[in-house]
Amino acid sequence: MPHTETPGTEGAPATRLRWWTELPLILLVYACYSAGRLLVRGDVTDAVDHGLAILRIEQALYLNAEHPLNRLFTREPWLGIPADFWYASLHYLVTPVLLVWLFRSRAVRYRAARTWLMTSTFIGLIGFTLLPTCPPRLLDASHGFVDTMAQYSSYGWWAGEASAPRGLGGLTNQYAAMPSLHVGWALWCGVILWRYGGTRPAKTAAVIYPLVTIVVVMGTANHYFLDAVAGAAVMGAGLLLTPVVLRTTDRVRARVLPRFAPAPVVSSVPGSPIVSDGCQTSTGEQFPGQRQRQLEPRFASGTEPGDSPPAHGEDAETAAAPAR
């Protein structure tokens, strides 16, 4: 049975995508995402209350993976330091690399994959806006969490107050824990590698990368387990909305682009194309410098192949004169 793709997600783009239009678009979306996280800080008290509520829900569901992982990363630097590097850097590296790879080698798949990632990111931004959440590392110490980013900050470029570069911690929203887009983006990378990687190492990385990211975000006390679940749910919602976004984008493009397209040149005489480009010829000439000759059949009626065609003008008079 032939393989079929979901309509609206795998079709070839109507217009060829160019890197000089894609790069500004991606940078614009990321700038909006960063600005949204920065501007929508929310009330700290509400963020702490939301974090404690998530913690209580997990305890009621007997979900307590954060504490043992965080104690392990705190006690073992050979685990905690790489985990902090993983959290602070890989989502900035792996995700763009896969986007570039798709653009260059899987152009037919790129547009749908890029739209899925961007749609999910904007949904995550809505979550940050509606539900500012304090991460475990910023809760009171009585709750048993240690901020490994602060503990191992001397080994990396990040500061003690955030995973942002040292000195720029105040330029990020530390209460944007729900949902975890670290997990969401890692899941996107895993799906892309699994579907289009084609090799066994690629499929292995497709499984390992999201799973390790889930462990890292909990072990470094940056996210709760339910944050990770919410990150996966956001990616699922983005995937379902991708066909709608693609169709809407195509519809808008079809309406807007014709307004800016150059008008075609139309001939003043209906059905007669302009071929002279403004050049004119004198009467009796087909081309400048050449006399027009009458078109006659090569062999007139009643003549043989060896006969000459009838003469005209001076040639006719000469032919009519009696031979001497």
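Helices α4 (77-105), α7 (181-196) and α8 (200-219) each supply at least two residues of the lining of the largest cavity, with α4 giving the largest share, four residues; helices here are DSSP runs of H or I of at least four residues, numbered from the N terminus. The model is predicted, so local features need pLDDT of at least 70 and side-chain atom pairs count only at pLDDT 80 or more, while totals for chains, interfaces and linings use all residues. Residues are numbered from 1 along each chain as its sequence is written, and side-chain values use heavy atoms, without hydrogens and water.

A cavity is a set of points on a 1 Å grid over the protein atoms alone where a 1.4 Å probe fits but cannot get out, and its lining residues have an atom within 4 Å of a point. The largest cavity holds about 40 Å³ of space, the volume being that filled by probe spheres set on the points, and its lining includes Trp 86, Tyr 87, His 182 and Tyr 209.

Two of these residues also meet as an aromatic pair: the ring centres of Trp 86 and Tyr 209 are 5.8 Å apart and the planes stand at 35°, so the pair is tilted (centres within 6.5 Å; under 30 degrees stacked, over 60 edge-to-face, the rest tilted, with the six-membered ring used for Trp). Because Trp 86 lies in helix α4 and Tyr 209 in helix α8, the pair ties together parts that are 123 residues apart in sequence. Trp 86 is partly exposed at 24% relative accessibility, whereas Tyr 209, at 11%, is buried (buried under 20% relative accessible area, exposed over 50%, partly exposed in between, with a 1.4 Å probe and protein chains only).

Terms used:
1 Å grid on protein atoms, 1.4 Å probe; cavity = no way out; pocket = protein on both sides within 12 Å on 5 of 7 lines; lining within 4 Å.
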